[in-house]
Amino acid sequence: GEAAAALDVAILMVDSRPPFAYEVGGTTLRSPEEWGLPRSVLSERWRPTAAHGGGPAPNGNAGVEGKGTPEEVLQSRTEKMGTFQLALVTNHIYAQLHGYRFYLENPCPHLHIGVTEADWNDALEPSQRSEPKWAWREGMQQYTNRDPVCPGLPADHRLSPFPPRGPPWAKLAAIRYLLRRHAHLAYIDSDVFVTEVWQPLPPLLEATGLLRGERWIAAAEEFPPQKLRRDTRAGLANSGVLLLAGAPIAGAGILRAIEEWIWPVGNPTWSFKWPFEQNALTTVVFRRYPRRYTLLKPGCPLNSPFGALLRHLVGGTPHRAVYHPDHRTAWLAEALRCTIRALNRSADSHAPLERCTPNEERFELDSHGCGEGDKDSLHTTPLSPSVLGRLRAADAEACCGLCNADEACAGWTFLWKWPASALNCVLLEAFEGVTHYEGRVTRAKLPRTGGGAGAAGAAGAAQQTRTYIVPPPLFGATGPS
């Protein structure tokens with residue numbers, strides 16, 4: 001409304017893939033004409049199909065610009081309906097509801113694989129060009145010949161000037177452009193979505209010190225996979241979700257900080273390698289301006305697959321039982337349907353609004369005996385099985401819990417090498433033993449022994465585990481028969 005307009009808030013996404021043209025039935029919410037016509041009409045029951053150009057989501061990080069193998073990066077650019085498009089629609093709806101300006105920018109329309117000598121020379125910081133150790137040579141060509149490269153922007157491009165960089169760096173060209181023009185900017189990666197579209201940004205800008213420009217940048221710490229690997233290259237903060245104060249309110253200092261981020265002095269190969277764009281946020285911007293940033297815990301409320309407001313469905317996980325990136329597209333489709341349910345909510349409804357977080361661990365199971373297996377159960381499959389049912393489970397412990405929930409279940413097999421959305425949990429009514437089989441684990445249900453004292457009582461005590469509900473795949477088969 002008027003308050004949002006007065007605050008001059010902009011939302012930015014950066015991607016080269018085609019957007020999805022949509023309209024929400026019964027509302028004025030719709031995509032701009034430049035996203036294409038005709039628009040698909042969305043409802044609570046809408047589900048993407050092959051007609052929308054859908055296909056299997058790229059593995060790992062390939063769906064995020066610049067991450068994954070070179071082949072996956074190029075493949076991801078042909079998607080018509082996937083993680084990016086679903087997140088885009090939800091975030092664009094959010095911007096319209098609050099009167100924020102929405103930008104979808106593409107600073108890297110012509111990506112190529114392999115750093116060339118011209119790319120290298122243009123990427124050097126001016127002080128490095130006279131240093132012999134940074135001269136182009138065969139070793140550097142071999143080290144960078146598989147890196148995706150965004151060529152430098154020409155002088156007549158509205159986001160220029162910008163040097164050749166790896167794809168994750170390209171967003172800085174758009175961020176710099178918008179910080180010159182808007183008081184506040186929310187940058188969100190292509191796998192980030194708003195969980196509660198009715199929540200405005202100003203309270204968060206106030207809480208992080210950005211509202212009046214005292215602080216310039218708010219970000220959240222990295223999600224655990226980097227920490228668990230003790231990988232310090234990624235720096236303190238994840239750069240996939242950023243709140244920023246622009247020049248109209250923070251002055252020229254924020255523009256200087258972004259320029260220093262674009263041109264960090266260091267090994268020039270970092271300009272083409274992940275995660276050094278993110279590393280430079282810490283080692284350059286945070287280090288030089290320690291009083292100008294706010295660092296939040298992951299998920300509170302930014303970043304991580306459990307972000308309270310801006311949820312980042314990242315490409316890695318500490319464990320598949322907690323979160324699995326292969327479910328991102330299905331989860332985003334459910335989050336979009338949840339958002340549309342909120343939009344269609346009757347004005348006289350007193351029920352609380354539902355936060356659109358389909359990947360939460362909200363499924364509780366009895367895990368009695370589920371953590372007491374031995375090595376003999378690994379890489380085994382049942383002999384002469386009588387199959388009770390086939391289900392989807394997050395991991396072996398969840399499969400075991402599903403068996404515990406059915407009195408007729410005598411044991412279970414979890415096929416952990418199958419696709420994550422497959423019917424990978426087989427509940428068994430009976431089986432005669434096990435035989436070796438790579439990629440499976442088979443175990444008999446552990447009987448309860450009652451609630452007496454000592455070890456027997458401990459064995460019979462109730463144990464609970466929480467897991468997410470594994471969504472069915474949006475496209476394609478669910479695994480071998």
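**Reading helix packing, burial and contacts**

Q: How are H3 and H12 oriented to each other, roughly parallel or roughly antiparallel?
A: H3 and H12 are roughly parallel to each other. The model is a predicted one. As a general idea, angles under 35 degrees count as roughly parallel. Here helix H3 (residues 83-98) and H12 pack at an angle of about 25°, and their axes are 8 Å apart.

Q: What is the handedness of the crossing of H3 and H12?
A: The crossing is left-handed. On the H3 side, the contact is made by Thr83, Leu86, Ala87, Val89, Thr90, Ile93 and Leu97. H12 contributes Arg328, Thr329, Leu332, Ala333, Leu336, Thr339 and Leu343. By class, the contact of H3 with H12 has nine nonpolar residues, four polar and one charged.

Q: At what angle do the axes of H6 and H10 cross?
A: The general idea is that an angle over 145 degrees counts as roughly antiparallel. The axes of H6 and H10 cross at roughly 170° and come within 10 Å, so the two helices are roughly antiparallel. Leu172, Ile175, Arg176 and Leu179 of H6 make the contact with Ile254, Leu255, Ile258, Glu259, Trp261 and Ile262 of H10. The residues in the contact of H6 with H10 divide into eight nonpolar, no polar and two charged.

Q: Which residues of H10 are buried?
A: A residue is called buried when its relative accessible area is under 20%. In helix H10 (residues 252-262), the buried ones are Gly253, Ile254, Ala257, Ile258, Glu260, Trp261 and Ile262. What covers them includes helices H6 (171-179), H9 (247-250) and H11 (276-288), along with strands E9 (217-221) and E10 (237-245).

Q: Where is Asn424, and is it buried or exposed?
A: Asn424 sits in the loop between strand E16 (411-415) and strand E17 (425-430). Asn424 counts as buried because its relative accessibility is 0%. A polar atom of its side chain lies 3.0 Å from the backbone nitrogen of Ala393. With residues up to four places away in sequence set aside, Asn424 touches Arg320, Leu391, Arg392, Ala393, Thr413, Phe414, Leu415, Trp418 and Pro419.

Q: What is the relative accessibility of Glu361?
A: The value is 27%, so Glu361 counts as partly exposed. Glu361 belongs to the loop between helix H12 (328-343) and strand E13 (363-366). Beyond its neighbours within four places in sequence, Glu361 is in contact with Ala321, Val322, Arg466, Thr467 and Tyr468. One of these contacts also shows how sequence separation and spatial separation can be read together: Glu361 and Arg466 are 105 residues apart in sequence, with 5.6 Å from C-alpha to C-alpha.

Q: How many residues apart along the chain are Asn145 and Val115?
A: They are 30 residues apart along the chain, with their C-alpha atoms separated by 5.8 Å. Asn145 is in the loop between helix H5 (138-144) and strand E6 (148-149). Its relative accessible area of 42% is why Asn145 is partly exposed. Not counting residues up to four places away in sequence, Asn145 touches Ile113 and Gly114.

Q: How many helices and strands does the protein chain have?
A: The chain has 14 helices and 19 strands. Of its 481 residues, 54% count as buried. Contacts can also be read by sequence separation: among those between residues at least 6 apart in sequence, 73% join residues at least 24 apart.

Notes:
Residues numbered from 1 in each chain as written. Predicted model: local features only at pLDDT ≥ 70, side-chain atom pairs only at ≥ 80, totals over all residues. Heavy atoms only, no water. Helix = DSSP H or I, 4+ residues; strand = E, 2+ residues; numbered from the N terminus. Buried < 20%, exposed > 50% of the residue type's maximum accessible area, 1.4 Å probe, protein only. Polar contact = N/O pair within 3.5 Å; in protein donor to acceptor, adjacent residues only side chain to side chain. Contact = heavy atoms within 4.5 Å. Axes fitted to C-alpha atoms, helices over the stretch in contact; angles between N-to-C directions. Parallel < 35°, antiparallel > 145°, perpendicular 65-115°, else oblique. Left-handed = near helix turned anticlockwise from the far one by under 90°. Nonpolar A, V, L, I, M, F, W, Y, C, P; charged D, E, K, R; others polar.
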